[in-house]
Amino acid sequence: MPRHYNIPVFLPELACPHRCVFCNQSSISSTYKIPSVAEVTAIIEKHFNSFKASEKHVELAFFGGNFTGLPQQMQLEYLNHVQPWLKSGQLQGIRLSTRPDYISSAQIAWLKDFGVTHIELGAQSTDNEVLQKSGRGHKRDAIENAATIINNAGLVLGLQMMLGLPGDSPEKAVATAKDIISFGAKETRIYPCLVVQDTALERLFLSGKYQPLSIQVAAEQAASLYVIFENAGIKVLRIGLHTSDDLNGSALIAGPYHPNFAEMVFGKIWLSAFETYDQWPESETIVVKTAASQLNHAVGFEASNKNRLLKRFKSVKFMPDSSLFGRQFIVQKL
Ligand code: SF4
């Protein structure tokens, strides 16, 4: 199986007319310069030089801003520039991110002609009240329409969602996940909403009108959503922000940020499996066997699941078992 690589090219928003409450676009665009085509070449070559696998599937990812909101001449310049790598077969596709209301059938048709294969939309929520309170500037139907256009064109659709936006609730987050599935997305990303400096959300937070999710609640919500997506066969490309780089240099004021957020989420998924398990042996010492790839998640972030089991059993051991797949597990007396 070829190894999958993405070559990320960060395009800051140039002059977004929207005012999403969580976005600090003005500080991002004053900190980051939009790359020249020469810089795009340098980024691509640097990545190709670092790829180890001989069999690989490489996609170029224009992310950060709203690609289809850039002046069309600029979109064409970037897309024309990367054609040689597509024609030579070094690049297998292009993915880009944009807003749902920046999608039209005509535009998707020419993006496809230029080798665009994946489009990710920042849906954030499909609840009209949440969208309105978050200043997104579009409603649920814009997401549904854009999804239909992208699916009809045969491109891979990704819909990203955010947790804990103003007016959001666990029920609305689940409804958003179900909409993402029914709109035909193949991929998603789950981001908890953070309060960063120089945003409307910062002002709401400081005036007591907005309360971010706690890290525990955000991880629990993300865990439930991950399972919903997993059961529907939707690839979760990312859970939470991985490094402080994702904050694009802005100061985090409040909210559920943790560098190991995804690990916390996977630990929560295992915790709920343990909580619903009803065949615990009558023994003081147990061993829990899982697939090797799941062992750390089963133990939990900072051994939280193991510590929970230690309240019930005197000794708990976790061991890998090569006969197990996914989140299968076996509990035995020691
Ligand atoms: S998050 Fe909203 S305000 Fe920020 S760049 Fe995207 S559309 Fe514009």
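This is a predicted model: local features need pLDDT of at least 70, side-chain atom pairs count only at pLDDT 80 or more; totals for chains, interfaces and linings use all residues.

Student: Which strands are at the edges of the open sheet of seven strands?
Tutor: Start with the order, which is E1-E2-E3-E4-E5-E6-E8, with parallel pairing. An edge strand pairs on one side only.

Student: How many bridges pair strand E1 with strand E2?
Tutor: E1 covers residues 3-11 and E2 covers residues 56-64. In this pair, Tyr5 stands opposite Val58 in E2. The two strands run in the parallel sense, and the number of bridges is nine.

Student: And what is the bridge partner of Leu60 in E3?
Tutor: E3 spans residues 93-98 and pairs with E2 in the parallel sense over four bridges. Look along E3 for the residue that bridges to Leu60, and you land on Ile94.

Student: At E8, which residue stands opposite Glu187?
Tutor: E8 is joined by four bridges to strand E6 (residues 187-192), and these two run parallel. Find Glu187, then look across to E8. The residue there is Lys235.

Student: Which strands does H8 touch when it packs on the sheet?
Tutor: Helix H8 is made of residues 170-182. Its direction makes about 175° with that of E5. The strands it touches are strand E4 (116-124), strand E5 (156-163) and E6.

Student: Are H8 and H10 roughly parallel or roughly perpendicular?
Tutor: H10 covers residues 215-231, and the axes of H8 and H10 are 10 Å apart. The helices pack at an angle of about 25°, and angles under 35 degrees count as roughly parallel. So H8 and H10 are roughly parallel.

Student: How many nonpolar residues are there in the contact of H8 with H10?
Tutor: On the H8 side you have Pro170, Ala173, Val174 and Ala177, which meet Gln221, Ser224, Leu225, Ile228 and Phe229 in H10. Two residues of this contact are polar and none is charged. The nonpolar count is seven.

Student: H10 also packs with H11, so are those two roughly parallel or roughly perpendicular?
Tutor: Helix H11 is residues 261-276, and its axis is 8 Å from that of H10. The angle is about 70°, and 65 to 115 degrees counts as roughly perpendicular. The crossing itself is right-handed. That makes H10 and H11 roughly perpendicular.

Student: How many charged residues are in the contact of H10 with H11?
Tutor: H10 brings Ala219, Glu220, Ala222, Ala223, Tyr226 and Val227, and they meet Phe261, Met264, Val265, Lys268, Ile269 and Ser272 in H11. Nine residues of the contact are nonpolar and one is polar. The charged ones number two.

Student: Why is one side of E11 and of E12 left without a neighbour in the sheet?
Tutor: These strands belong to an open sheet of three strands with mixed pairing, in the order E11-E10-E12. Strand E11 (315-320) and strand E12 (329-333) stand at the edges, so one side of each has no neighbour there. The reason is that each has a single partner strand.

Student: In E12, which residue is the bridge partner of Ile286?
Tutor: Strand E10 (residues 285-290) is joined to E12 by five bridges, and the two run antiparallel. Follow the bridge from Ile286 over to E12. Its partner is Lys333.

Student: Last one: how many charged residues are in the shell around the ligand?
Tutor: The residues surrounding the ligand are Glu13, Cys16, His18, Arg19, Cys20, Cys23, Gln25, Asn66 and Arg99. By class, three are nonpolar and three are polar. The number of charged residues is three.

How values were computed. Residues are numbered from 1 along each chain as its sequence is written. A residue is near a molecule or strand if its C-beta atom, placed from the backbone, lies within 6 Å of it. Ala, Val, Leu, Ile, Met, Phe, Trp, Tyr, Cys and Pro count as nonpolar, Asp, Glu, Lys and Arg as charged, and the others, Gly among them, as polar. Axes are lines fitted to C-alpha atoms, for helices over the stretch in contact, and angles run from 0 to 180 degrees between N-to-C directions. Angles under 35 degrees count as roughly parallel, over 145 as roughly antiparallel, 65 to 115 as roughly perpendicular and the rest as oblique. Two residues are in contact if their C-beta atoms, placed from the backbone, lie within 7 Å. Two strands pair if DSSP finds at least two bridges between them. A crossing is left-handed if the near helix is turned anticlockwise from the far one by less than a right angle, and right-handed if clockwise.
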